[in-house]
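Student: Could you walk me through how to read a few features of a protein model?
Tutor: Gladly; let us look at it together.

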Number of protein chains: 2
Amino acid sequence: MAQYSAELDGVFLALADPTRRAVVHRLGQGPASVGDLAREAAMTLPSFMKHVRTLESNGLIRTAKSGRVRTCELNRERFTVVEDWLEEQRRLWEAGADRLDRFVTGAEERNDV
Amino acid sequence: MAQYSAELDGVFLALADPTRRAVVHRLGQGPASVGDLAREAAMTLPSFMKHVRTLESNGLIRTAKSGRVRTCELNRERFTVVEDWLEEQRRLWEAGADRLDRFVTGAEERNDV
């Protein structure tokens, strides 16, 4: 649970930035080099590398170097950490709505007697 | 788009903290007072209030004061900002998979001739 929580902290934080979300969006269409991504973000390579490292250290992207080119690829499976958490909350809300339904239905049945 | 982006920044940032996620989880079961929530989080009221303000300013919760008690309530609709963004990415990935399918199928058909 504590590890899962730290993972969620990192993934949510990594996504709390427009440049990093743009990289996620771009890589959703296929792998790209760090150089190309930095140009598209209109950032210098050193500034952009900080974003790449944040995304990579939180598992949202993978990078691999071949010669002088570092290529980035999206790690789609990682997004389930956030999706699962959101789904867990929705389940909780729906369970509450079910409880309320049963309470209201039960109250109506009692009134029928 | 720029406003939507700032909203996403704030919501993702608000959720990047275990205390705030615990509050969201707790309020998913029904409204609660700030005092009760602070006790459950084992925090002093001033420290806890920072989290309440972050959640409120980013629209994830609503608070209302009645006498000396401030009650917090979850704003479930707000979570669609994150869910919509995640769904947008998935659609992009699936569109890419469809393109690849068509390419592979097309290549096979060409080989059949």
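Student: Which residues of the largest nonpolar core touch the most other members?
Tutor: First, a word on what we are looking at. This is a predicted model, in which local features need pLDDT of at least 70 and side-chain atom pairs count only at pLDDT 80 or more, while totals for chains, interfaces and linings use all residues. Residues are numbered from 1 along each chain as its sequence is written, chains are lettered from A and ligands numbered from 1 in the order in which they are written, and side-chain values use heavy atoms, leaving out hydrogens and water.
Tutor: Now the general idea: in soluble globular proteins, nonpolar side chains tend to be buried together. A nonpolar core is a set of buried Ala, Val, Leu, Ile, Met, Phe, Trp, Tyr and Cys residues joined through side-chain atoms within 4.5 Å. Buried means under 20% relative accessible area, exposed over 50%, and partly exposed in between (1.4 Å probe, protein chains only). Here the largest core has 56 residues, and Phe79(A), Leu15(B) and Phe79(B) touch the most other members.

Student: What is Phe79(B) in contact with, leaving aside neighbours within four places in sequence?
Tutor: Contact means heavy atoms within 4.5 Å. From chain A, Phe79(B) meets Trp85(A), Leu86(A) and Trp93(A). From chain B, Phe79(B) meets Leu15(B), Val24(B), Leu60(B) and Leu74(B).

Student: At what angle do helix 2 and helix 4 of chain B pack?
Tutor: Two packed helices are described by the angle between their axes and the distance between the axes. Helices (H or I, at least four residues) and strands (E, at least two) are DSSP runs, numbered from the N terminus. Axes are lines fitted to C-alpha atoms, for helices over the stretch in contact, with angles from 0 to 180 degrees between N-to-C directions. In chain B, helix 2 (residues 18–27) and helix 4 (residues 45–57) pack at about 65°, with axes 10 Å apart. That makes helix 2 of chain B roughly perpendicular to helix 4 of chain B (under 35 degrees is roughly parallel, over 145 roughly antiparallel, 65 to 115 roughly perpendicular, and the rest oblique).

Student: Which residues make that contact between helix 2 and helix 4 of chain B?
Tutor: Helix 2 of chain B brings Thr19(B), Arg20(B), Val23(B) and Val24(B), and helix 4 of chain B brings Phe48(B), His51(B), Thr54(B) and Leu55(B).

Student: And in chain A, how do the axes of helix 2 and helix 4 cross?
Tutor: Helix 2 (residues 18–27) and helix 4 of chain A cross at roughly 65°, and their axes come within 10 Å. These two helices of chain A are therefore roughly perpendicular to each other. In helix 2 of chain A, Thr19(A), Arg20(A), Val23(A) and Val24(A) meet Phe48(A), His51(A), Thr54(A) and Leu55(A) of helix 4.

Student: What is the phi of Ala42(A)?
Tutor: Most residues other than glycine have a negative phi, and most peptide bonds are trans. Ala42(A) has a positive phi of about 55° although it is not a glycine. Ala42(A) sits in the loop between helix 3 (34–40) and helix 4 (45–57) of chain A and is exposed, at 70% relative accessible area. Ala42(B) also has a positive phi, about 55°, and is exposed at 71%.

Student: Is Asn75(A) buried or exposed?
Tutor: Asn75(A) counts as buried, at 12% relative accessibility. Asn75(A) is in the loop between strand 3 (69–74) and helix 5 (80–112) of chain A.
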